[in-house]
Amino acid sequence: MTEWVIEASTFCNLRCAYCYEWDGLSNPARMPLASVRKVLRAACDYHVRREAGSGAPARTSIIWHGGEPLTLPLDYLEAIFELAREVIAESCIDRKRITLAMQTNLYAVSDRALGLLKQHRIGLGVSFDLVRGVRRTLTGKATEDRVLRNLERLREAGIEHGAITVLATHTCPAICDIFDFWAARRVPWRVLPLFAGPPGRDHAAFAASEDELVQAMCRLFAHWMRARAQIVVKPLDEWLANVVRHMIGLRARPYDRRQGETVFVVRPDGNVLQVGDLGNTSQPLGNLEHQTIAELLASPAYAASLDRTDAITEKLCGGCRFRGGCDGYPAHASPIESLDRERCPVTHRVYGFIERHLQSAGLGAGELRALAEGAVS
(Lines give C-alpha, C1' and ligand atoms only; values in the text may rest on other atoms or scores of the structure.)
Protein backbone atom coordinates (compact mmCIF):
# COMPACT_ATOMS: atom_id res chain seq x y z
CA MET A 1 0.00 0.00 0.00
CA THR A 2 1.22 3.47 -0.89
CA GLU A 3 -0.47 6.42 0.80
CA TRP A 4 -0.45 9.85 -0.84
CA VAL A 5 -1.16 12.41 1.87
CA ILE A 6 -2.05 15.54 -0.09
CA GLU A 7 -2.10 18.80 1.83
CA ALA A 8 -4.22 20.95 -0.45
CA SER A 9 -3.95 23.75 2.14
CA THR A 10 -2.56 24.17 5.64
CA PHE A 11 -5.36 26.57 6.63
CA CYS A 12 -7.39 25.40 9.62
CA ASN A 13 -10.37 26.54 11.68
CA LEU A 14 -8.85 25.15 14.90
CA ARG A 15 -5.67 25.77 16.87
CA CYS A 16 -4.71 22.39 18.32
CA ALA A 17 -1.68 23.16 20.45
CA TYR A 18 0.38 20.16 19.26
CA CYS A 19 -0.23 20.58 15.51
CA TYR A 20 2.92 20.13 13.41
CA GLU A 21 1.41 22.59 10.90
CA TRP A 22 1.20 25.27 13.60
CA ASP A 23 3.15 27.86 11.64
CA GLY A 24 0.86 27.61 8.58
CA LEU A 25 -2.61 27.34 10.07
CA SER A 26 -3.55 30.91 9.09
CA ASN A 27 -2.31 30.61 5.50
CA PRO A 28 -5.32 30.61 3.11
CA ALA A 29 -3.27 29.57 0.05
CA ARG A 30 -4.38 26.34 -1.57
CA MET A 31 -3.07 24.07 -4.27
CA PRO A 32 -4.28 25.17 -7.72
CA LEU A 33 -6.43 22.63 -9.54
CA ALA A 34 -3.80 22.32 -12.28
CA SER A 35 -1.32 21.29 -9.59
CA VAL A 36 -3.83 18.88 -8.06
CA ARG A 37 -4.04 17.16 -11.44
CA LYS A 38 -0.23 16.83 -11.55
CA VAL A 39 -0.14 15.28 -8.10
CA LEU A 40 -2.95 12.86 -8.93
CA ARG A 41 -1.18 11.95 -12.14
CA ALA A 42 2.00 11.26 -10.14
CA ALA A 43 0.08 9.03 -7.74
CA CYS A 44 -1.45 7.04 -10.59
CA ASP A 45 1.84 6.80 -12.47
CA TYR A 46 3.51 5.51 -9.32
CA HIS A 47 0.74 2.95 -8.85
CA VAL A 48 1.26 1.67 -12.41
CA ARG A 49 5.03 1.68 -11.89
CA ARG A 50 4.71 -0.47 -8.75
CA GLU A 51 2.43 -2.97 -10.48
CA ALA A 52 4.81 -3.24 -13.43
CA GLY A 53 7.81 -3.66 -11.13
CA SER A 54 6.30 -6.32 -8.88
CA GLY A 55 4.05 -8.10 -11.36
CA ALA A 56 1.32 -8.02 -8.74
CA PRO A 57 -1.66 -5.74 -8.04
CA ALA A 58 -0.79 -2.63 -6.05
CA ARG A 59 -2.96 -0.62 -3.68
CA THR A 60 -2.99 3.16 -3.36
CA SER A 61 -4.76 5.47 -0.94
CA ILE A 62 -5.12 9.17 -1.76
CA ILE A 63 -5.76 11.10 1.44
CA TRP A 64 -6.82 14.76 1.48
CA HIS A 65 -5.21 16.36 4.48
CA GLY A 66 -4.30 19.77 5.87
CA GLY A 67 -4.90 22.01 7.73
CA GLU A 68 -8.57 21.23 7.67
CA PRO A 69 -9.84 20.11 4.24
CA LEU A 70 -13.46 20.91 5.08
CA THR A 71 -12.62 24.62 5.34
CA LEU A 72 -11.93 24.58 1.59
CA PRO A 73 -14.70 25.85 -0.72
CA LEU A 74 -17.05 23.00 -1.53
CA ASP A 75 -16.83 23.75 -5.26
CA TYR A 76 -13.07 23.26 -4.96
CA LEU A 77 -13.50 19.98 -3.07
CA GLU A 78 -15.97 18.73 -5.65
CA ALA A 79 -13.53 19.67 -8.41
CA ILE A 80 -10.64 17.72 -6.84
CA PHE A 81 -12.88 14.68 -6.29
CA GLU A 82 -13.89 14.82 -9.96
CA LEU A 83 -10.26 15.24 -10.99
CA ALA A 84 -9.36 12.11 -9.03
CA ARG A 85 -12.06 10.14 -10.82
CA GLU A 86 -10.91 11.41 -14.22
CA VAL A 87 -7.19 10.80 -13.69
CA ILE A 88 -7.74 7.30 -12.28
CA ALA A 89 -9.91 6.45 -15.30
CA GLU A 90 -7.33 7.90 -17.72
CA SER A 91 -4.67 5.72 -16.09
CA CYS A 92 -6.75 2.56 -16.68
CA ILE A 93 -6.32 1.52 -13.05
CA ASP A 94 -8.80 -0.81 -11.40
CA ARG A 95 -10.82 1.62 -9.28
CA LYS A 96 -11.07 -0.96 -6.52
CA ARG A 97 -7.32 -0.65 -5.97
CA ILE A 98 -7.35 3.11 -5.31
CA THR A 99 -9.21 4.55 -2.34
CA LEU A 100 -9.97 8.20 -1.65
CA ALA A 101 -9.98 9.48 1.90
CA MET A 102 -9.91 12.64 4.00
CA GLN A 103 -8.58 13.50 7.45
CA THR A 104 -10.83 16.00 9.23
CA ASN A 105 -11.29 17.58 12.65
CA LEU A 106 -15.07 17.38 11.95
CA TYR A 107 -15.65 20.68 13.73
CA ALA A 108 -17.56 22.39 10.90
CA VAL A 109 -19.28 20.22 8.30
CA SER A 110 -22.30 21.25 6.27
CA ASP A 111 -25.03 18.99 4.94
CA ARG A 112 -23.74 19.64 1.42
CA ALA A 113 -20.25 18.57 2.49
CA LEU A 114 -21.64 15.34 3.92
CA GLY A 115 -23.45 14.77 0.64
CA LEU A 116 -20.25 15.25 -1.37
CA LEU A 117 -18.28 12.89 0.85
CA LYS A 118 -20.93 10.21 0.49
CA GLN A 119 -21.41 10.76 -3.25
CA HIS A 120 -17.68 10.40 -3.99
CA ARG A 121 -17.17 7.61 -1.44
CA ILE A 122 -14.53 9.51 0.50
CA GLY A 123 -13.34 7.52 3.50
CA LEU A 124 -13.15 9.70 6.60
CA GLY A 125 -10.59 9.76 9.37
CA VAL A 126 -11.72 11.93 12.29
CA SER A 127 -9.06 13.57 14.46
CA PHE A 128 -10.57 13.67 17.93
CA ASP A 129 -8.99 13.36 21.36
CA LEU A 130 -12.24 13.31 23.38
CA VAL A 131 -10.33 14.93 26.29
CA ARG A 132 -10.75 18.69 26.48
CA GLY A 133 -8.09 21.37 26.64
CA VAL A 134 -5.86 21.17 23.57
CA ARG A 135 -8.08 21.18 20.48
CA ARG A 136 -9.56 24.70 20.51
CA THR A 137 -11.03 27.25 18.12
CA LEU A 138 -9.25 30.43 17.06
CA THR A 139 -10.88 32.21 20.00
CA GLY A 140 -9.93 29.51 22.49
CA LYS A 141 -13.31 27.78 22.76
CA ALA A 142 -13.62 24.06 23.38
CA THR A 143 -14.54 21.98 20.34
CA GLU A 144 -15.49 18.59 21.74
CA ASP A 145 -19.28 19.03 22.09
CA ARG A 146 -19.70 20.12 18.48
CA VAL A 147 -17.53 17.27 17.18
CA LEU A 148 -19.61 14.80 19.18
CA ARG A 149 -22.74 16.16 17.52
CA ASN A 150 -21.13 15.88 14.11
CA LEU A 151 -20.11 12.28 14.80
CA GLU A 152 -23.79 11.57 15.37
CA ARG A 153 -24.58 13.24 12.03
CA LEU A 154 -22.08 10.91 10.32
CA ARG A 155 -23.87 7.95 11.88
CA GLU A 156 -27.27 9.21 10.76
CA ALA A 157 -25.96 9.79 7.23
CA GLY A 158 -24.52 6.27 7.07
CA ILE A 159 -20.94 7.52 6.58
CA GLU A 160 -18.40 5.13 8.05
CA HIS A 161 -15.21 6.56 9.46
CA GLY A 162 -12.07 5.82 11.40
CA ALA A 163 -10.56 7.92 14.17
CA ILE A 164 -7.18 9.17 15.31
CA THR A 165 -6.15 10.44 18.74
CA VAL A 166 -2.89 12.19 19.57
CA LEU A 167 -1.24 10.74 22.65
CA ALA A 168 0.02 13.66 24.74
CA THR A 169 -0.14 14.88 28.31
CA HIS A 170 -3.93 15.38 28.23
CA THR A 171 -4.78 12.00 26.70
CA CYS A 172 -2.21 9.75 28.42
CA PRO A 173 -4.21 9.35 31.67
CA ALA A 174 -7.49 8.73 29.78
CA ILE A 175 -6.22 6.52 26.95
CA CYS A 176 -8.19 3.42 28.03
CA ASP A 177 -11.40 5.46 28.37
CA ILE A 178 -10.84 6.83 24.87
CA PHE A 179 -10.46 3.26 23.60
CA ASP A 180 -13.77 2.37 25.26
CA PHE A 181 -15.44 5.33 23.51
CA TRP A 182 -14.40 4.16 20.04
CA ALA A 183 -14.83 0.46 20.81
CA ALA A 184 -18.47 1.05 21.82
CA ARG A 185 -18.99 2.57 18.36
CA ARG A 186 -16.97 -0.13 16.52
CA VAL A 187 -14.77 2.55 14.98
CA PRO A 188 -11.22 1.61 13.85
CA TRP A 189 -8.79 3.78 15.80
CA ARG A 190 -5.21 5.00 15.53
CA VAL A 191 -3.20 6.36 18.42
CA LEU A 192 -0.48 8.78 17.38
CA PRO A 193 2.22 9.28 20.03
CA LEU A 194 3.24 12.92 20.10
CA PHE A 195 6.18 13.75 17.84
CA ALA A 196 8.43 16.62 16.90
CA GLY A 197 7.20 19.82 15.30
CA PRO A 198 7.83 23.57 15.06
CA PRO A 199 9.11 25.31 18.21
CA GLY A 200 6.38 27.99 18.18
CA ARG A 201 3.76 25.62 19.60
CA ASP A 202 2.53 25.91 23.19
CA HIS A 203 4.48 22.93 24.49
CA ALA A 204 3.22 23.40 28.05
CA ALA A 205 -0.29 22.53 26.86
CA PHE A 206 0.55 19.08 25.55
CA ALA A 207 4.15 18.00 26.15
CA ALA A 208 4.49 14.45 27.49
CA SER A 209 7.71 12.66 28.35
CA GLU A 210 8.73 9.49 26.56
CA ASP A 211 8.13 7.58 29.80
CA GLU A 212 4.55 8.87 29.92
CA LEU A 213 3.95 7.89 26.29
CA VAL A 214 5.38 4.41 26.84
CA GLN A 215 3.37 3.82 30.01
CA ALA A 216 0.16 4.94 28.30
CA MET A 217 0.72 2.67 25.30
CA CYS A 218 1.46 -0.27 27.57
CA ARG A 219 -1.72 0.33 29.59
CA LEU A 220 -3.66 0.60 26.36
CA PHE A 221 -2.23 -2.67 25.03
CA ALA A 222 -3.22 -4.58 28.17
CA HIS A 223 -6.70 -2.99 28.10
CA TRP A 224 -7.10 -3.81 24.40
CA MET A 225 -6.20 -7.44 25.04
CA ARG A 226 -8.71 -7.69 27.90
CA ALA A 227 -11.36 -6.25 25.58
CA ARG A 228 -10.63 -9.09 23.10
CA ALA A 229 -9.85 -6.72 20.23
CA GLN A 230 -13.31 -5.27 19.70
CA ILE A 231 -11.74 -2.81 17.25
CA VAL A 232 -8.52 -2.48 15.31
CA VAL A 233 -6.08 -0.25 17.18
CA LYS A 234 -3.15 1.06 15.17
CA PRO A 235 -0.22 0.91 15.58
CA LEU A 236 -0.71 -1.69 18.34
CA ASP A 237 -1.97 -4.29 15.86
CA GLU A 238 1.19 -3.84 13.81
CA TRP A 239 3.42 -3.84 16.90
CA LEU A 240 1.80 -7.03 18.19
CA ALA A 241 2.36 -8.77 14.85
CA ASN A 242 6.02 -7.69 14.89
CA VAL A 243 6.56 -9.06 18.41
CA VAL A 244 4.81 -12.35 17.64
CA ARG A 245 6.99 -12.84 14.55
CA HIS A 246 10.06 -12.15 16.68
CA MET A 247 8.97 -14.66 19.32
CA ILE A 248 8.29 -17.51 16.88
CA GLY A 249 11.28 -16.83 14.65
CA LEU A 250 9.55 -15.52 11.54
CA ARG A 251 10.95 -12.64 9.53
CA ALA A 252 9.07 -9.73 8.05
CA ARG A 253 9.94 -8.26 4.69
CA PRO A 254 12.35 -5.43 5.63
CA TYR A 255 11.15 -1.88 5.09
CA ASP A 256 12.93 -0.82 1.91
CA ARG A 257 11.91 2.33 0.10
CA ARG A 258 13.76 1.11 -3.00
CA GLN A 259 11.11 -1.61 -3.30
CA GLY A 260 8.25 0.84 -2.93
CA GLU A 261 7.27 3.85 -0.87
CA THR A 262 4.82 3.57 2.00
CA VAL A 263 3.87 7.26 2.30
CA PHE A 264 4.37 10.38 0.20
CA VAL A 265 3.35 13.68 1.80
CA VAL A 266 2.64 16.44 -0.74
CA ARG A 267 2.65 20.03 0.46
CA PRO A 268 0.43 22.78 -1.05
CA ASP A 269 3.41 24.05 -3.08
CA GLY A 270 4.04 20.61 -4.59
CA ASN A 271 7.01 19.71 -2.41
CA VAL A 272 7.10 16.01 -1.50
CA LEU A 273 8.23 14.87 1.95
CA GLN A 274 8.72 11.71 3.93
CA VAL A 275 6.66 11.32 7.12
CA GLY A 276 9.86 11.72 9.10
CA ASP A 277 10.27 15.22 7.66
CA LEU A 278 6.89 16.57 8.79
CA GLY A 279 7.53 19.86 10.55
CA ASN A 280 10.83 20.18 8.68
CA THR A 281 10.51 21.07 5.00
CA SER A 282 14.19 21.76 4.34
CA GLN A 283 14.92 18.46 2.55
CA PRO A 284 12.07 17.64 0.14
CA LEU A 285 12.30 14.63 -2.14
CA GLY A 286 11.35 16.87 -5.05
CA ASN A 287 8.45 18.96 -6.30
CA LEU A 288 5.55 17.62 -8.38
CA GLU A 289 4.71 21.09 -9.67
CA HIS A 290 7.94 20.95 -11.70
CA GLN A 291 8.76 17.21 -11.91
CA THR A 292 7.06 14.02 -12.96
CA ILE A 293 7.22 11.17 -10.47
CA ALA A 294 9.82 9.46 -12.68
CA GLU A 295 12.01 12.58 -12.60
CA LEU A 296 11.61 12.88 -8.83
CA LEU A 297 12.63 9.25 -8.26
CA ALA A 298 15.71 9.71 -10.45
CA SER A 299 16.81 12.95 -8.78
CA PRO A 300 19.85 13.53 -6.51
CA ALA A 301 17.50 14.80 -3.79
CA TYR A 302 15.63 11.49 -3.78
CA ALA A 303 18.87 9.51 -3.72
CA ALA A 304 20.05 11.58 -0.76
CA SER A 305 16.80 10.82 1.06
CA LEU A 306 17.39 7.09 0.59
CA ASP A 307 20.82 7.50 2.19
CA ARG A 308 19.21 9.32 5.16
CA THR A 309 16.71 6.48 5.54
CA ASP A 310 19.52 3.90 5.49
CA ALA A 311 21.38 5.84 8.18
CA ILE A 312 18.31 5.94 10.44
CA THR A 313 17.69 2.22 9.94
CA GLU A 314 21.27 1.36 10.80
CA LYS A 315 21.33 3.62 13.83
CA LEU A 316 17.99 2.61 15.36
CA CYS A 317 17.59 -0.98 14.12
CA GLY A 318 21.18 -2.21 14.11
CA GLY A 319 21.57 -4.62 17.00
CA CYS A 320 17.89 -4.41 17.98
CA ARG A 321 16.77 -7.83 19.18
CA PHE A 322 13.37 -7.36 17.52
CA ARG A 323 14.92 -6.78 14.11
CA GLY A 324 13.67 -9.35 11.64
CA GLY A 325 10.31 -9.84 13.29
CA CYS A 326 9.91 -6.08 13.01
CA ASP A 327 10.26 -4.78 9.47
CA GLY A 328 12.00 -1.58 10.62
CA TYR A 329 9.25 0.80 9.55
CA PRO A 330 8.58 2.12 13.09
CA ALA A 331 11.98 3.83 12.95
CA HIS A 332 10.60 5.98 10.11
CA ALA A 333 6.93 6.34 11.05
CA SER A 334 7.27 9.73 12.72
CA PRO A 335 9.78 12.57 12.92
CA ILE A 336 12.68 11.92 15.29
CA GLU A 337 14.29 14.99 16.83
CA SER A 338 17.72 13.46 17.28
CA LEU A 339 19.60 10.28 16.41
CA ASP A 340 21.48 10.49 19.70
CA ARG A 341 19.68 7.34 20.80
CA GLU A 342 19.99 3.62 20.19
CA ARG A 343 16.40 2.51 19.56
CA CYS A 344 13.04 3.79 18.32
CA PRO A 345 11.36 6.16 20.75
CA VAL A 346 8.33 4.55 22.44
CA THR A 347 8.00 1.60 20.05
CA HIS A 348 10.99 -0.44 21.20
CA ARG A 349 10.05 -0.24 24.87
CA VAL A 350 6.42 -1.13 24.14
CA TYR A 351 7.66 -4.16 22.16
CA GLY A 352 9.32 -5.39 25.35
CA PHE A 353 6.10 -4.93 27.30
CA ILE A 354 4.07 -6.80 24.67
CA GLU A 355 6.52 -9.69 24.77
CA ARG A 356 6.38 -9.91 28.57
CA HIS A 357 2.57 -9.61 28.52
CA LEU A 358 2.24 -12.54 26.12
CA GLN A 359 4.68 -14.65 28.11
CA SER A 360 2.87 -13.93 31.38
CA ALA A 361 -0.35 -15.13 29.71
CA GLY A 362 1.36 -18.45 28.92
CA LEU A 363 1.95 -17.60 25.28
CA GLY A 364 5.51 -18.53 24.52
CA ALA A 365 7.00 -19.39 21.15
CA GLY A 366 5.39 -22.84 20.97
CA GLU A 367 1.93 -21.67 21.90
CA LEU A 368 2.06 -18.72 19.52
CA ARG A 369 3.31 -20.93 16.71
CA ALA A 370 0.43 -23.36 17.27
CA LEU A 371 -2.07 -20.48 17.25
CA ALA A 372 -0.56 -19.12 14.03
CA GLU A 373 -0.69 -22.53 12.35
CA GLY A 374 -4.29 -23.01 13.49
CA ALA A 375 -5.26 -19.62 12.06
CA VAL A 376 -3.73 -20.52 8.69
CA SER A 377 -5.39 -23.94 8.56
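How many nonpolar, polar and charged residues does the lining of the largest cavity have, by class? The lining has four nonpolar, three polar and no charged residues, where Ala, Val, Leu, Ile, Met, Phe, Trp, Tyr, Cys and Pro count as nonpolar, Asp, Glu, Lys and Arg as charged, and the others, Gly among them, as polar.

This is a predicted model, in which local features need pLDDT of at least 70 and side-chain atom pairs count only at pLDDT 80 or more, while totals for chains, interfaces and linings use all residues. Residues are numbered from 1 along each chain as its sequence is written, and side-chain values use heavy atoms, with hydrogens and water left out.

**Cavity.** One cavity of 30 Å³ or more is found when the whole structure is searched, a cavity being a set of points, on a 1 Å grid over the protein atoms alone, where a 1.4 Å probe fits but cannot get out, with lining residues having an atom within 4 Å of a point.

| Cis peptide bond | Omega |
|---|---|
| Gly 66 to Gly 67 | near 15° |
| Lys 234 to Pro 235 | near 5° |

Gly 67 belongs to the loop between strand S3 (60-65) and helix H2 (74-90), helices (H or I, at least four residues) and strands (E, at least two) being DSSP runs numbered from the N terminus. Pro 235 sits in the loop between strand S9 (233-234) and helix H7 (236-248).

Cys 92, although not a glycine, has a positive phi of about 60°; this residue is exposed, with a relative accessible area of 70%, where exposed means over 50%, buried under 20% and partly exposed in between (1.4 Å probe, protein chains only). Leu 106, also other than glycine, has a positive phi near 55°, but Leu 106 is buried, at a relative accessible area of 1%.

**Arg 257.** In the loop between H7 and strand S10 (263-266), Arg 257 counts as buried at 3% relative accessibility. Its side chain makes polar contacts (pairs of N or O atoms within 3.5 Å; within protein, one must be able to donate a hydrogen and the other to accept it, and residues adjacent in sequence count only if both atoms are side-chain atoms) with the side chain of Glu 261 at 2.9 Å and with that of Gln 274 at 3.4 Å.

Definitions and conventions:
1 Å grid on protein atoms, 1.4 Å probe; cavity = no way out; pocket = protein on both sides within 12 Å on 5 of 7 lines; lining within 4 Å. Points joined across faces, edges and corners; volume = space filled by probe spheres on them.
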